Amino acid sequence: IKLNYLKKEYTDEASKLFKNDKKYIGFSITGGHPTRKKEMSMKAIIEVANYYSEKNYVPTFLIEEKYKEKINMIKKLVKNPFFPEHLVHSSFKNPFLVIAIAQKLNSAISIDNGIMHMLTLAGTKTAIFFNKSSDKFKPLNENKSRIYCSEKNKTKRIEDLTSEEIIEFVKDFI
(Lines give C-alpha, C1' and ligand atoms only; values in the text may rest on other atoms or scores of the structure.)
Protein backbone atom coordinates (compact mmCIF):
# COMPACT_ATOMS: atom_id res chain seq x y z
CA ILE A 1 0.00 0.00 0.00
CA LYS A 2 1.27 3.44 -0.90
CA LEU A 3 -0.57 6.74 -0.85
CA ASN A 4 -0.41 7.92 -4.45
CA TYR A 5 -2.12 11.26 -4.15
CA LEU A 6 -1.28 14.26 -2.02
CA LYS A 7 -2.41 17.81 -2.62
CA LYS A 8 0.17 19.66 -4.68
CA GLU A 9 0.59 22.30 -1.99
CA TYR A 10 2.14 19.67 0.32
CA THR A 11 4.42 18.10 -2.27
CA ASP A 12 5.52 21.57 -3.38
CA GLU A 13 6.23 22.60 0.20
CA ALA A 14 8.27 19.43 0.82
CA SER A 15 10.17 19.97 -2.44
CA LYS A 16 11.25 23.44 -1.25
CA LEU A 17 12.86 21.87 1.82
CA PHE A 18 15.01 19.21 0.13
CA LYS A 19 17.96 19.42 -2.25
CA ASN A 20 18.00 16.87 -5.09
CA ASP A 21 21.77 16.31 -4.83
CA LYS A 22 21.64 15.08 -1.21
CA LYS A 23 20.65 11.78 0.41
CA TYR A 24 18.31 11.94 3.40
CA ILE A 25 17.74 9.36 6.13
CA GLY A 26 14.72 9.92 8.35
CA PHE A 27 14.53 9.33 12.08
CA SER A 28 11.23 8.99 13.94
CA ILE A 29 12.24 8.49 17.55
CA THR A 30 9.42 9.58 19.85
CA GLY A 31 6.41 7.56 20.96
CA GLY A 32 3.13 9.15 21.85
CA HIS A 33 1.68 6.76 24.40
CA PRO A 34 3.21 7.29 27.87
CA THR A 35 2.40 3.80 29.20
CA ARG A 36 4.30 1.90 26.49
CA LYS A 37 8.07 2.33 26.70
CA LYS A 38 9.33 2.07 23.14
CA GLU A 39 11.98 4.70 22.52
CA MET A 40 15.62 4.04 21.70
CA SER A 41 18.25 5.67 23.87
CA MET A 42 19.25 9.15 22.76
CA LYS A 43 22.90 8.06 22.87
CA ALA A 44 22.19 5.32 20.31
CA ILE A 45 20.12 7.64 18.09
CA ILE A 46 22.85 10.30 18.08
CA GLU A 47 25.54 7.73 17.24
CA VAL A 48 23.44 6.19 14.43
CA ALA A 49 22.64 9.64 13.01
CA ASN A 50 26.34 10.56 13.07
CA TYR A 51 27.26 7.25 11.43
CA TYR A 52 24.94 8.05 8.51
CA SER A 53 26.07 11.68 8.42
CA GLU A 54 29.61 10.35 7.87
CA LYS A 55 28.21 8.31 4.96
CA ASN A 56 26.94 11.54 3.35
CA TYR A 57 23.32 11.25 4.44
CA VAL A 58 21.48 14.17 6.01
CA PRO A 59 19.99 12.93 9.32
CA THR A 60 16.40 14.13 9.01
CA PHE A 61 14.33 14.16 12.19
CA LEU A 62 10.55 13.91 12.17
CA ILE A 63 9.93 15.10 15.69
CA GLU A 64 7.38 17.50 17.12
CA GLU A 65 8.67 20.82 18.37
CA LYS A 66 7.34 20.06 21.87
CA TYR A 67 10.30 17.69 22.38
CA LYS A 68 12.61 20.66 22.96
CA GLU A 69 15.14 18.83 25.16
CA LYS A 70 15.66 16.05 22.59
CA ILE A 71 15.79 18.52 19.70
CA ASN A 72 18.41 20.65 21.47
CA MET A 73 20.48 17.56 22.25
CA ILE A 74 20.31 16.45 18.61
CA LYS A 75 21.24 19.93 17.36
CA LYS A 76 24.21 19.98 19.72
CA LEU A 77 25.51 16.43 19.14
CA VAL A 78 24.51 15.34 15.60
CA LYS A 79 26.46 16.45 12.55
CA ASN A 80 24.20 18.24 10.06
CA PRO A 81 20.75 17.47 11.58
CA PHE A 82 17.69 18.54 9.61
CA PHE A 83 14.20 19.24 11.01
CA PRO A 84 12.09 19.98 7.91
CA GLU A 85 8.72 20.23 9.68
CA HIS A 86 10.08 23.05 11.84
CA LEU A 87 10.76 25.19 8.76
CA VAL A 88 7.22 25.45 7.41
CA HIS A 89 4.27 27.68 8.24
CA SER A 90 1.98 26.20 10.91
CA SER A 91 -0.83 25.81 8.36
CA PHE A 92 1.19 23.01 6.71
CA LYS A 93 1.97 21.11 9.91
CA ASN A 94 -0.15 17.99 9.59
CA PRO A 95 0.16 14.34 8.48
CA PHE A 96 -0.05 15.29 4.77
CA LEU A 97 3.17 17.29 5.05
CA VAL A 98 4.86 14.43 6.95
CA ILE A 99 3.92 12.03 4.12
CA ALA A 100 5.20 14.51 1.51
CA ILE A 101 8.46 14.86 3.48
CA ALA A 102 8.72 11.08 3.79
CA GLN A 103 8.53 10.78 0.01
CA LYS A 104 11.74 12.85 -0.17
CA LEU A 105 13.67 10.51 2.13
CA ASN A 106 15.94 7.79 0.77
CA SER A 107 15.09 5.65 3.81
CA ALA A 108 14.13 5.91 7.46
CA ILE A 109 14.55 4.41 10.91
CA SER A 110 11.48 4.50 13.13
CA ILE A 111 10.05 3.14 16.33
CA ASP A 112 6.45 1.91 16.57
CA ASN A 113 4.57 5.21 16.34
CA GLY A 114 2.19 7.19 14.15
CA ILE A 115 4.91 8.64 11.94
CA MET A 116 5.99 5.08 11.09
CA HIS A 117 2.62 4.64 9.39
CA MET A 118 3.07 7.89 7.47
CA LEU A 119 6.53 6.74 6.33
CA THR A 120 5.12 3.49 5.01
CA LEU A 121 2.18 5.27 3.33
CA ALA A 122 4.75 7.40 1.53
CA GLY A 123 6.47 4.27 0.24
CA THR A 124 9.67 5.08 2.15
CA LYS A 125 11.98 2.16 2.85
CA THR A 126 11.74 1.99 6.65
CA ALA A 127 13.45 -0.06 9.35
CA ILE A 128 10.98 -0.26 12.24
CA PHE A 129 11.76 -1.19 15.83
CA PHE A 130 9.04 -2.77 17.99
CA ASN A 131 9.16 -4.16 21.53
CA LYS A 132 5.84 -6.00 21.22
CA SER A 133 4.45 -7.49 18.06
CA SER A 134 0.92 -6.76 17.02
CA ASP A 135 -0.80 -7.26 13.71
CA LYS A 136 -2.91 -4.24 14.64
CA PHE A 137 0.14 -1.94 14.43
CA LYS A 138 2.16 -3.59 11.66
CA PRO A 139 3.16 -1.32 8.77
CA LEU A 140 0.89 -1.16 5.76
CA ASN A 141 3.75 -1.35 3.27
CA GLU A 142 5.48 -4.49 4.51
CA ASN A 143 7.53 -5.04 1.37
CA LYS A 144 9.34 -1.73 2.03
CA SER A 145 9.79 -2.45 5.75
CA ARG A 146 12.26 -4.35 7.86
CA ILE A 147 10.95 -5.08 11.33
CA TYR A 148 12.91 -5.64 14.51
CA CYS A 149 10.71 -7.09 17.25
CA SER A 150 12.32 -7.83 20.59
CA GLU A 151 9.38 -9.87 21.86
CA LYS A 152 9.09 -12.10 18.79
CA ASN A 153 12.84 -12.64 18.37
CA LYS A 154 13.56 -12.83 22.11
CA THR A 155 16.20 -10.14 21.68
CA LYS A 156 17.03 -6.87 23.43
CA ARG A 157 14.28 -4.37 24.05
CA ILE A 158 14.72 -1.38 21.74
CA GLU A 159 15.64 0.99 24.57
CA ASP A 160 18.64 -1.28 25.32
CA LEU A 161 19.97 -1.50 21.76
CA THR A 162 23.39 -0.02 21.07
CA SER A 163 24.09 2.08 18.00
CA GLU A 164 26.18 -0.81 16.64
CA GLU A 165 23.21 -3.19 16.94
CA ILE A 166 20.87 -0.73 15.22
CA ILE A 167 23.36 -0.13 12.40
CA GLU A 168 23.92 -3.87 11.99
CA PHE A 169 20.17 -4.43 11.70
CA VAL A 170 19.64 -1.70 9.08
CA LYS A 171 22.95 -1.60 7.19
CA ASP A 172 22.10 -3.87 4.24
CA PHE A 173 18.54 -2.54 4.10
CA ILE A 174 18.99 1.24 4.30
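Guide: Let us begin with K93, which counts as partly exposed because its relative accessibility is 35%, and that term covers values between buried (under 20% relative accessible area) and exposed (over 50%), with a 1.4 Å probe and protein chains only. This is a predicted model, in which local features need pLDDT of at least 70 and side-chain atom pairs count only at pLDDT 80 or more, while totals for chains, interfaces and linings use all residues. Residues are numbered from 1 along each chain as its sequence is written, and side-chain values use heavy atoms, with hydrogens and water left out.

Visitor: What makes E65 and K93 a salt bridge?

Guide: Their closest N and O atoms are 2.5 Å apart, and the term requires a side-chain nitrogen of Lys or Arg within 4 Å of a carboxyl oxygen of Asp or Glu, so the pair qualifies. E65 lies in the loop between β2 (57-61) and α3, and K93 in the loop between α3 and α4 (95-102), so the pair ties together parts that are 28 residues apart in sequence.

Visitor: How do you know that K66 and E64 form a salt bridge?

Guide: The closest N and O atoms of K66 and E64 are 3.9 Å apart, which is within the 4 Å cut-off, so this pair is also a salt bridge.

How values were computed
Helix = DSSP H or I, 4+ residues; strand = E, 2+ residues; numbered from the N terminus.
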